[in-house]
Amino acid sequence: MGFRGGRFARVVGEFEAAVRGDAAALPLAFDGLLAASRQASDAELRAAAPRLAALLPRLGQGPDSTVAGLVAAGVERGADAAGCAPSVLERVRVAFEEAAVLVEGWAAEGRDEPILADYDTYGYGPVVAWRALPRFEAAALVLLRYPAVRRALGGAERAAHLAAVARCGARFRRLGHAFAVLDDEPVLAVHRPTGARFALRASGLGDNFQLHTLLAHVLIGGGHLPGPAPSRTAVACCRDRDGAAPFTEAFALGAADGSRVRNRDRLADVPVAGGARLIVLDEVPRPRTWQVRRLLPGTAGELVLEGVLGRVLPPEG
């Protein structure tokens, strides 16, 4: 149950006032905000999200990751994702860049975990940034579920986010994939055994496991290529259903340059040829079976066939 009489809104107002001009009152105002947020209603969190997002550029380390989480919670409850996202994602990028100093220092020392002396060696900022990364990651993953947020990322901005996340290591692989998700992306699939070519359009795919499953669904399930189609459950788990389902490998995926397209990688890693992500489909000598699911829960995936550009199946006889 939320606070009656707009009490949560008043707490947010007190926090705003402290951030904008009363630094001495900020610690108490922040504690009050955190405590009140635990009992705030969905409507109150939704209304507070844009106000809190506007404060993020003024916040220091510590409160910033917590407030980013509150903004994401408000977006989940209906606040405008596209309006709230820029300030949150900017703080995410800054935190990852600062934490990378620490991570790269550990790598040079042959370790991957913090020690107490890191404050003396690397300073307060990188250590605090590293500790805040899980909260920032969670907030960013919520915001990046929304196509409007992803589409608003310019190429340079997306590249900066990807570079900052990559510097902090494989443990943040999922966030890297989220920043790399493409929408309305042209895909050209070429089936080498038959010479058939298919124009498709992909949106919201977290990894190529999703892509592989949906390719099999559209091309085999749609009657365009021979082979066993994936189950309806497997397809649903790669679109918008939670959970996982078994899928048997349908193709060996390759790129136009002859390199392998790995299932664990991203559509954004597939080279562009002729204005589309070109994927070559080959036969698989010994198909494997694995569990398919969305790498990014809450992010709906889709692959749409837009046209058949060549012969689908060779003539019988």
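**Figure 1. Overall fold of the protein chain, with 12 helices and 8 strands.** Helices (DSSP H or I runs of at least four residues) and strands (E runs of at least two) are numbered from the N terminus. This is a predicted model, in which local features need pLDDT of at least 70 and side-chain atom pairs count only at pLDDT 80 or more, whereas totals for chains, interfaces and linings use all residues. Residues are numbered from 1 along each chain as its sequence is written, and side-chain values use heavy atoms, with hydrogens and water left out. The C-alpha trace spans about 85 × 50 × 35 Å along its principal axes. Of the 317 residues in the chain, 48% are buried, where buried means under 20% relative accessible area, exposed means over 50%, and partly exposed lies in between (1.4 Å probe, protein chains only). Among contacts (heavy atoms within 4.5 Å) with a separation of 6 or more, 74% join residues 24 or more positions apart.

**Figure 2. Packing of helix α5 (residues 81-109) with helix α9 (residues 155-167).** The two axes come within 8 Å and cross at roughly 35 degrees, with each axis being a line fitted to C-alpha atoms over the stretch in contact and the angle, on a scale from 0 to 180 degrees, taken between N-to-C directions. The crossing is left-handed, a term used if the near helix is turned anticlockwise from the far one by less than a right angle. On the α5 side the contact is made by Leu89, Glu90, Arg93, Phe96, Glu97, Ala100, Val101, Val103 and Glu104, and on the α9 side by Ala160, His161, Ala164, Val165 and Arg167. These residues divide into 8 nonpolar, 1 polar and 5 charged, with Ala, Val, Leu, Ile, Met, Phe, Trp, Tyr, Cys and Pro counted as nonpolar, Asp, Glu, Lys and Arg as charged, and the others, Gly among them, as polar.

**Figure 3. Aromatic pairs, including Phe15 with Phe30 and Trp130 with Phe172.** Rings of Phe, Tyr and Trp (its six-membered ring) pair if their centres lie within 6.5 Å, and planes under 30 degrees apart count as stacked, over 60 as edge-to-face and the rest as tilted. The count by this rule comes to 6 aromatic pairs. The ring centres of Phe15 and Phe30 are 6.3 Å apart and their planes stand at 45 degrees, so this pair is tilted. Phe15 belongs to helix α1 (residues 7-21) and Phe30 to helix α2 (residues 26-37), 15 residues apart; Phe15 is buried at 0% relative accessibility, and Phe30 is buried at 14%. Trp130 and Phe172 form an edge-to-face pair, with 6.0 Å from centre to centre and 85 degrees between the planes. Because Trp130 lies in helix α7 (residues 124-143) and Phe172 in the loop between α9 and α10 (173-180), this pair ties together parts that are 42 residues apart in sequence. Trp130 is buried, with a relative accessible area of 10%, as is Phe172, with 4%. Ring pairs link Phe96, Trp106, Trp130 and Phe172 into a cluster.

**Figure 4. Buried residues of helix α12 (residues 232-239), and the cysteines.** The buried residues of this helix are Ala234, Val235, Ala236, Cys237 and Cys238, and what covers them includes α11 (208-220), β3 (245-248) and β7 (289-292). Cys237 has a relative accessibility of 1%, and its sulfur is 6.9 Å from the closest cysteine sulfur, in Cys238, which is too far for a bond. A search of the whole structure finds 0 disulfides, a disulfide being a pair of cysteine sulfur atoms within 2.5 Å. Cys168 is likewise buried, at 2% relative accessibility.

Figure 5. His212 is buried, with a relative accessible area of 0%. Leaving aside neighbours within four places in sequence, His212 is in contact with Phe247, Glu249, Ala250, Phe251, Leu253, Asn263 and Trp290. From C-alpha to C-alpha, His212 and Phe247 are 9.6 Å apart in space, while in sequence they are 35 residues apart.

Figure 6. Arg150 counts as buried at 1% relative accessibility. Apart from neighbours within four places in sequence, Arg150 is in contact with Leu144, Arg145, Arg158, Ala178, Val181, Asp183, Gly204 and Thr299. Asp184 counts as partly exposed, at 38% relative accessibility.
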